[in-house]
Amino acid sequence: MAARNVLTLCKEELVNFINSFDVVLSDCDGVLWLEKEAISGSPEVVKRLKEIGKKFFYVTNNNTKTRAQFVEKCQDLKYEAKLDEVMCTSYLAATYLKEKNFSQKVYIVGTSGIAEELEAVGIDYIGLGPDPVITDSAEMVRDFKPDPTVGAVVVGFDEQISYAKIFKAATYVQDPNVHFIGTNCDNQRPSPNSNISPGSGCMLRVIEAASNRKAVLLGKPEPYISQILISKYGLDPVRTLMIGDKGDTDILLGKRCGFKTLLVLSGVTTLKDVERWKNSDSSEERDLVPDYYINQLSDLLPMLSTF
Ligand SMILES: [Mg+2]
């Protein structure tokens with residue numbers, strides 16, 4: 001029963017579908033908004049889902065903002081959101097270290113989003129801001145004295161990534177006792193046109209290559225987020241719906257965690273992709289096929305009005 005168009009469900013199937021979940025995890029960009037603009041009708045659907053008693057979480061791989069900044073963005077775009085409803089990867093990185101009773105310093109390749117979430121849980125950090133090569137790189141590598149109090153490297157999106165940052169991060173993580181954390185592995189960020197905007201995954205991979213070590217990944221499609229939601233809120237995966245616009249992050253997360261999955265076609269993944277994955281010989285590709293799909297979130301609104 002894979003990839004069913006929600007609009008083709010009969011009344012009974014629709015009721016069963018809506019009643020089959022208590023919790024909704026929704027991706028943001030491509031589902032709720034496109035960059036800085038809300039997708040028409042999506043705020044009303046989120047509001048209605050909450051009104052009929054569904055618990056709602058905003059789940060994003062973005063690591064450049066804090067949860068508080070996401071709440072602000074949600075409110076600006078007419079979504080009601082509370083701090084506890086936002087799961088961004090800067091927060092996941094801080095939570096991961098906090099759970100491990102981490103008390104050393106973090107070397108950040110990333111932005112203030114990560115730094116402020118670390119600060120919020122009392123974890124110290126270094127590495128924020130530009131770090132250009134001033135003399136020559138060979139000298140810099142030779143003379144670098146690693147800070148012995150660094151016990152973790154967190155890599156997210158960093159517009160100021162440089163040779164200096166790469167070699168420092170790689171040098172730190174060659175110690176297997178130093179945590180090596182990637183917020184997420186998206187190679188591309190949303191772009192307003194066909195120009196490519198390289199994402200956190202590109203920054204992470206260059207450090208993985210330099211250090212010959214793989215990072216622990218926290219964002220979608222890795223199941224860490226589900227672990228947090230289960231331990232903090234008692235989430236029941238079977239009664240959870242994951243909504244997203246991307247097969248290899250949102251839908252795959254849902255598959256890995258045992259959630260029901262709903263793809264919206266207002267973002268990255270197209271129906272053509274879904275058809276290709278459905279008929280693929282590779283089980284990995286077949287895992288990207290959602291249970292349900294819909295053109296855009298707002299198509300759900302008339303269906304929810306009777307609940
Ligand atoms: Mg998205």
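These legends describe close-up views of a predicted model.

View 1. Asp 27 and Asp 245 link distant parts of the chain, 218 residues apart. Asp 27 sits in the loop between strand 2 (23-26) and strand 3 (33-34). Asp 245 sits in the loop between strand 14 (240-244) and helix 10 (247-257). Asp 27 is buried, at 8% relative accessible area. Asp 245 is buried too, at 4%.

**View 2. Helix 2 (residues 42-51) and its buried residues.** Ser 42, Pro 43, Val 45, Val 46, Arg 48 and Leu 49 are buried. Their cover includes strand 2, strand 4 (37-38), strand 5 (55-60) and helix 13 (301-304). Gly 53 follows the helix, with a positive phi near 95°.

**View 3. The aromatic pair of Phe 57 and Tyr 233.** The model has ten aromatic pairs. In this one, the centres are 5.2 Å apart and the planes are at 50°, a tilted arrangement. Phe 57 belongs to strand 5 and Tyr 233 to helix 9 (residues 224-233), so the pair ties together parts 176 residues apart in sequence. Phe 57 is buried at 2% relative accessibility, whereas Tyr 233 is partly exposed at 30%. The charged end of Lys 55 sits over the ring of Tyr 233, 5.8 Å from its centre.

**View 4. Arg 67 over the ring of Tyr 91.** The charged end of Arg 67 is 3.8 Å from the ring centre.

Note on methods
Residues numbered from 1 in each chain as written. Predicted model: local features only at pLDDT ≥ 70, side-chain atom pairs only at ≥ 80, totals over all residues. Heavy atoms only, no water. Helix = DSSP H or I, 4+ residues; strand = E, 2+ residues; numbered from the N terminus. Buried < 20%, exposed > 50% of the residue type's maximum accessible area, 1.4 Å probe, protein only. Contact = heavy atoms within 4.5 Å. Phe/Tyr/Trp six-rings, centres within 6.5 Å; stacked < 30°, edge-to-face > 60°. Lys NZ or Arg CZ within 6 Å of the ring centre and 35° of its normal.
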